[in-house]
Amino acid sequence: MIKWLGSSKATPFWFLAPVIAFGIIFFILPLGFALFTSFTRWDSLQPPRWVGLDNYLYLLTSDRRFFPTLFNTLYFAAGTLAIGVPLSLGIAFAFTQSRFQSLWRSLYWLPMVTNVVAVAYIWIFVLAPTHGLLNRLLAMAGLPGPGWLTDPSIAMLSVILVFVWMQLGSNMLLFSAGLNNIDESYYEAARLDGAGTWQVFSTITIPLLRPTVMFVLITNLISGMSYFTLMLVLTEGGPLGRTTVTALYMYEMAFADLRLGRASAVAYILFALVFVLTLIQLRFFRQGGVDAH
Amino acid sequence: MNKLTTSKLRVAVSALALTAAATSSVFAQDTKTITIATHYNDEQIAPITACFEAYEAEHPGIDIVHQQASYGDFLQTILTSRVGGTSPDIYNIYSIWAPQLAAAGALEVPPQEVLDFVNANYADGSVGAATIDGQLWGIPTELSVYMLTYNKKLLAEAGYDAPPATWDELLEIAAAISKRNDQGNLTQAGYVYGTTVANATHPFYSQMYSEGVSPFNEDYSATNFTSPEAVAILEGQRALFEQGITGPEMTTDDFPSGTVGMYIAANWLKSTYQDAFGDEFEETVGIAPIPSSRDDWGTMLYSFLWAVDSTSDVKAESWELLQWLNTPQDGLSCTGQMLNGMGALSGNIADLGMMDVDDEFSQAYVEAIESGAAQTQPNVPQAAEIDRVLRSYIEQVWAGNFSAADALAEADAEIQAILDDAAM
């Protein structure tokens, strides 16, 4: 063994050792510990007690709040994808046709470098029902002022829109990079054949951009399914729990209720759900010919 | 060198040697560090920080370090530090966290001297808040009592010169105060609730006490949420929303802006009101008993307490320091000075007697404590979780999605499961 460690065959592993060690310490071990914890009852103060599948059974059969939070999570993730991805793609495409691309990209990137707590407070100022900026403007136009963050029927939509605003710059940059990789000759050929802007966009840009779209969709889905910071600061999960996503529920379960075993089980169920949805996305895009690119 | 000079030199060398020896003996002692974790910020805890310095000067070899964590993150900070083996030696904890911490063996049982000190010098309500199953776990500190807080000016503008004594009176006065804009949103609210557990569940508990019913039974094995009194209380709250008197667009945070008529709140907000209303504070903010259908009204109080971590290696020094911090010397104790600066109340009887509580605002709370009207928040297991579950059902009633009876029956079932689980 010692001889092998000194051989040239071991050299790549020596170079990879820091990364492997990092992965084991910060990824594999926590995953394994969380899996073990999910089969225990643990409050972090006393030693964990083995309870088998009890935590999973409770969540899937008895917990009155778990499935509503899953619905909220899917609603949030789907909403951010449905609104955020086409919007950022459209804006990125528009920028490729415009001057001052760098300036526009920088402006749209600004929310990404702003602390989420600051973002939340700004939007509370904008969306407050009585004295909020938006409702004041609507009042000047003689329009009703909804409770953007206090009406249970629209609170999640408001959170989705704020999140889309936050993420727009990031997605837009990815799409811009993808758009810049498309050879200009395709566009020239299409225009020579008389294609308009929409035809160029739908028949050349979108198909050639499919790998980037897939990447954006998958990363946005994963972040959307596990995101909760904005809800924690903006709405605290309310009103009536309509913005309590599963990750927020898990956070409260672990750190407010000290049910770390059950919270770990929530994490694994959420992980399984994200995994399945990601596989479906991959399969869908492969059928669409992503592999060819 | 003459004899005199030699003699002087010898004296000087001897003095230097003695000084060096004394200094080295002090440094030879192990410096013991006592770490104290609280949720108070630097400005609030300034009087105690000065006391720390005085204590360190009086006790060479003791080093005191203050760790501040926000109230919302405090329990998590304790847990994380315990998992990491870096627990503070002393905590200032909310009394409802104590059952879990004590059950897990995280808290040290106070020595007999401290138990005697607390029993001899603290009000019954505050001792009760720091006691679990007959065991006292620390030295009570901040005492908070819920009372009806009202804006005298808004009541007067609406034609009322006295606060409501019953919930029906409250509905009538609140309706006269509330105003809405053209969009239908409240611009002035007769009554408000807030977004936290303390702004919904605690007022509900306070109203239960005022109706003569404790939220839980004596051994905390079941709730009294399905009692007729509890159902009537929640029906009364729903009427506020149904009649458009209150709504989610205005909350307890709006009271300092002078646009809220009434709400149930604790005394620790005094300094916030003083900052907001300035010279107009006494003419604006009024305090009254929790509206009740009975003459013998009641309310809820909760407390914080100083406790020592069971894994601390300076337990004796920590208890000694705590007793010193909480003993009135030439005037208020160190803890008393801090609470007085915040406009909060102390469970320490001597401190309470010396605090600035002669004004109308504080006097109302002191009377509630001294008369026994204010009863201790039950130290049930999983209290924070239970409070949050109850709040979720109360909100459903406010929104008109459940009747009060149905919501409280559901809440009772879910909370009973938590209590049963905690008892396992």
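B:E317 is buried, with a relative accessible area of 17%, where buried stands for under 20% relative accessible area, exposed for over 50% and partly exposed for the range in between (1.4 Å probe, protein chains only). This is a predicted model, in which local features need pLDDT of at least 70 and side-chain atom pairs count only at pLDDT 80 or more, while totals for chains, interfaces and linings use all residues. Residues are numbered from 1 along each chain as its sequence is written, chains are lettered from A in the order in which they are written, and side-chain values use heavy atoms, with hydrogens and water left out.

The partner of B:E317 is B:K32, and the two form a salt bridge whose closest N and O atoms are 2.8 Å apart; the term requires a side-chain nitrogen of Lys or Arg within 4 Å of a carboxyl oxygen of Asp or Glu. This pair links distant parts of the chain, 285 residues apart, with B:K32 in strand β1 (residues 32–38) and B:E317 in helix α13 (residues 315–325) of chain B. Helices (H or I, at least four residues) and strands (E, at least two) are DSSP runs numbered from the N terminus. B:K32, at 36% relative accessibility, counts as partly exposed.

Over all chains, a search of the whole structure finds 17 salt bridges. One of them brings together the side chains of B:D421 and A:R41, at 2.8 Å from N to O; because B:D421 lies in helix α18 (residues 404–423) of chain B and A:R41 in strand β1 (residues 40–41) of chain A, the pair joins two chains. B:D421 is buried, with a relative accessible area of 14%, whereas A:R41 is partly exposed at 30%.

A further salt bridge, at 3.2 Å from N to O, pairs the side chains of B:D359 and B:K270, and both residues are buried. Salt bridges that share partners also join A:R41, A:R259, B:E385 and B:D421 into one network.

Turning to the nonpolar interior, a core is a set of buried Ala, Val, Leu, Ile, Met, Phe, Trp, Tyr and Cys residues joined through side-chain atoms within 4.5 Å. The largest such core holds 139 residues, of which B:I93, B:Y191, B:F204, B:L240 and B:Y273 touch the most other members. Domain 1 (28–144 + 302–376) and domain 2 (145–300 + 379–423) of chain B both give residues to this core, so it lies between them; the domain bounds come from an automatic or database domain assignment. A second, separate core of 44 residues includes A:L59, A:M214, A:I218 and A:V266.
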